[in-house]
Amino acid sequence: MWRYFIRKFNLLVITIFLLSLLSFSLLHLMPGLPLDALNPDGSLSLAEQRRLVEHYALEQGFWQQYAQYISNIFNGNWGTSRIDQIPIFDQMVSSFMSTLQLAVSAMALAMFIGVPLGIISAYYHGSWFDRTVTSMSLIGQSIPVFWWALMLILLLALGLQWFPLSGRIGLLYDIPEVSHILLIDIALADDEYQRAALWSAVRHIILPTLAISVIPMTALIQITRASLIDISEKNYIQAARAKGLSRYQVLWRHALPNYFSSFIRHVGALTNPLLTTTMVVEYIFDWPGAGRWLIHSLVAQDVPAIQACMLTISVFVICISIITDLLAAWSNPKERNQSHG
Amino acid sequence: MDRNTIYQDDAVPSITKQVITAFSSRGIFMVAFWTLILMLVVMMLSYVLAPYHPQHQHIDLLLLPPSWYDQGTVEFFFGTDGLGRDILSRVISGTRYTLGGAILTVVISGIIGVAIGAVAAMLRGLRSSILHHLLDTILAIPSLLLAILVIAILGRGWDTVLLAVTIGLIPQFIRVSHQAVLAVLETEYVRMARLDGYTNFQLFYRVVLPNIAEPLIIRFTAALSSAVMDLAALGFLNLGAQAPAPEWGSMMASGIELLTSAPWVITLPGIAIFISVLSINLVGEGLQRSFKKLESS
């Protein structure tokens with residue numbers, strides 16, 4: 001286990017180094033000088049330009065600049081956004097936390113629905129239920145997520161008016177951001193409209209959650225079904241059946257524990273599509289998250305913000321993948337012997 | 001039938017033939033296959049098939065509903081958009097952007113990715129572990145984010161988006177071909193071929209490549225559907241094909257303000273994306289099952 005841990009940790013360090021190098025070189029890869037990239041419309045005064053040069057150590061060599069960039073990141077001094085003059089670090093924390101809330105709630109919904117559906121359709125393999133679920137998951141896999149989100153808006157928000165159109169809470173509520181997790185913030189806020197605010201927040205999160213969860217849900221259905229069918233052909237399942245256990249007992253005592261030992265790895269592999277989907281859906285629902293911020297700063301050519309988003313999202317993905325690998329290896333020694341993680 | 005041939009056994013059909021038979025035995029996969037072929041034909045003949053020029057604005061016929069509505073006319077089968085452009089013509093011309101672009105990016109990234117993956121697998125050792133670390137880094141970046149990075153560097157536009165999606169697809173191809181080649185190199189027939197004196201190139205071309213066809217073909221179809229999705233998503237986010245181009249994603253983006261008054265402007269390109277992705281996925285699923293059948297038989 002320790003050898004595995006060290007190998008994975010080594011991988012993590014190297015990957016984060018490469019990612020930070022990539023994010024740093026973004027400034028140099030932009031057309032023109034780095035200072036032009038930071039100041040695309042030439043509106044900054046000379047004093048402001050000098051401050052930027054100092055902040056990024058622009059008159060020094062490449063590696064000194066990189067060292068400066070890294071020390072800036074660790075000091076929490078990520079620069080200020082050119083557009084709204086907010087410190088990027090604060091904006092990044094609050095928007096990434098709201099992205100995470102959306103992604104986690106979508107993933108939770110996907111697990112609650114996808115895994116049981118996958119189990120049932122594997123148990124009744126070949127029945128009409130199985131066939132319906134399989135074809136529904138193929139359809140769900142092929143739906144363009146932005147189109148699906150717009151159809152949800154059209155039906156449930158504009159047509160039936162059940163849910164609000166966009167944003168994450170009604171404009172009337174002023175919740176101070178303490179922990180950056182909206183539900184906790186509402187609970188902490190000393191407000192007479194606490195309950196109404198909570199209700200408003202819940203109503204706001206439902207539509208984007210529904211829109212995002214299609215992708216992980218279909219993936220989970222397919223993975224669960226395929227691996228349970230795979231497991232059911234193994235010898236130990238045949239042995240259990242021959243011993244006289246019923247199919248139901250076999251499922252609960254042998255097939256499911258074996259499936260859930262690799263479950264965490266499957267969930268980890270879904271982080272990447274989950275975040276991609278969340279980015280697009282945030283843009284549609286005007287959810288103040290990292291994806292929407294990234295797209296807006298891309299249009300506005302706000303380089304420090306793009307760097308911050310890219311670094312945060314990709315470091316998050318690699319951390320999740322390493323953590324799930326470690327958890328899988330910790331719970332299942334067989335996974336430790338892979339030559340390449 | 002006369003069975004008095006000198007050979008006692010029935011002829012074993014070639015692998016390609018077996019896959020085709022297995023594939024065509026299921027109706028739904030054939031429907032998907034022919035839908036895809038039809039779309040390719042429409043893509044190639046889009047100049048001829050489109051009833052109007054996709055950019056032509058019928059100024060007196062703004063927001064005409066599709067023909068199945070009461071106010072619709074048959075001349076504009078899918079209706080018109082906010083600038084009076086015929087949506088049917090735009091959807092037909094859009095195949096060239098969304099579908100054609102996807103095919104182009106997948107072919108280019110496939111060739112590059114398979115070449116890199118195969119070379120890395122044939123030359124083992126230090127280089128292979130460097131490749132793995134690089135791959136893990138690139139795979140940690142979601143493909144849409146990678147595409148957005150390329151767009152951030154090169155600016156928005158159709159050419160950039162094609163390049164961005166190509167770059168985003170390469171890592172997956174490298175990973176799949178690398179693993180497949182490594183698995184094949186372990187087998188005994190490769191050792192036989194080596195003993196026969198094959199050079200590395202001959203070995204790859206004659207022995208390895210036919211044996212990694214299955215994972216590669218499946219990866220190609222998966223990449224094709226994700227390329228269609230990515231191109232349309234980037235178009236939808238206004239980062240891809242720019243305004244007048246009839247790319248399906250950007251057509252939907254331009255219809256957002258009309259969501260309540262003219263839902264067909266968004267719905268129809270969305271259905272076009274959905275059908276093409278669905279048929280690609282179904283063909284991929286069918287191929288996967290046919291290969292599986294081949295292994296179990």
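Contact here means heavy atoms within 4.5 Å. The views below all come from a predicted model, in which local features need pLDDT of at least 70 and side-chain atom pairs count only at pLDDT 80 or more, while totals for chains, interfaces and linings use all residues. Residues are numbered from 1 along each chain as its sequence is written, chains are lettered from A and ligands numbered from 1 in the order in which they are written, and side-chain values use heavy atoms, with hydrogens and water left out.

**View 1. Domain 1 of chain A meets domain 2 of chain A.** The domain assignment, an automatic or database one, gives chain A a domain 1 at 2-74 and a domain 2 at 92-336. Their C-alpha centres lie 32 Å apart. On the domain 1 side 22 residues are in contact with 18 residues of domain 2. About 1,700 Å² is buried between these two domains, with carbon and sulfur atoms giving 78%. Within domain 1, A:Tyr4, A:Lys8 and A:Leu19 lose the most area to domain 2, together 31% of what that side buries. Buried area is the accessible area (1.4 Å probe) that two parts lose on being put together, summed over both.

**View 2. Polar pairs and helices at the domain interface of chain A.** Look for 2 residue pairs in polar contact across the interface of domain 1 and domain 2, both at pLDDT 80 or more. Such a contact is a pair of N or O atoms within 3.5 Å; within protein, one must be able to donate a hydrogen and the other to accept it, and residues adjacent in sequence count only if both atoms are side-chain atoms. On the domain 1 side, the elements giving two or more residues are helix H1 (2-29), helix H2 (34-38) and helix H4 (62-74) of chain A. H1(A) provides the largest share of that side, 15 residues. Helices are DSSP runs (H or I, at least four residues), as are strands (E, at least two), numbered from the N terminus.

**View 3. A:Asp325 and its salt bridges.** Side chains of opposite charge can pair when their charged atoms come close. The side chain of A:Asp325 meets that of A:Lys8 in a salt bridge (2.9 Å, N to O). A:Asp325 also forms a salt bridge with A:Arg265 (3.3 Å, N to O). The term requires a side-chain nitrogen of Lys or Arg within 4 Å of a carboxyl oxygen of Asp or Glu.

**View 4. The interface of chain A and chain B.** Here 42 residues of chain A are in contact with 43 residues of chain B. The two chains bury about 3,800 Å² between them, 82% of it on carbon and sulfur atoms. In chain A, A:Phe146, A:Trp147 and A:Leu298 lose the most area to chain B, together 16% of what that side buries. The count between the chains is 0 salt bridges, alongside 2 residue pairs in polar contact (both at pLDDT 80 or more).
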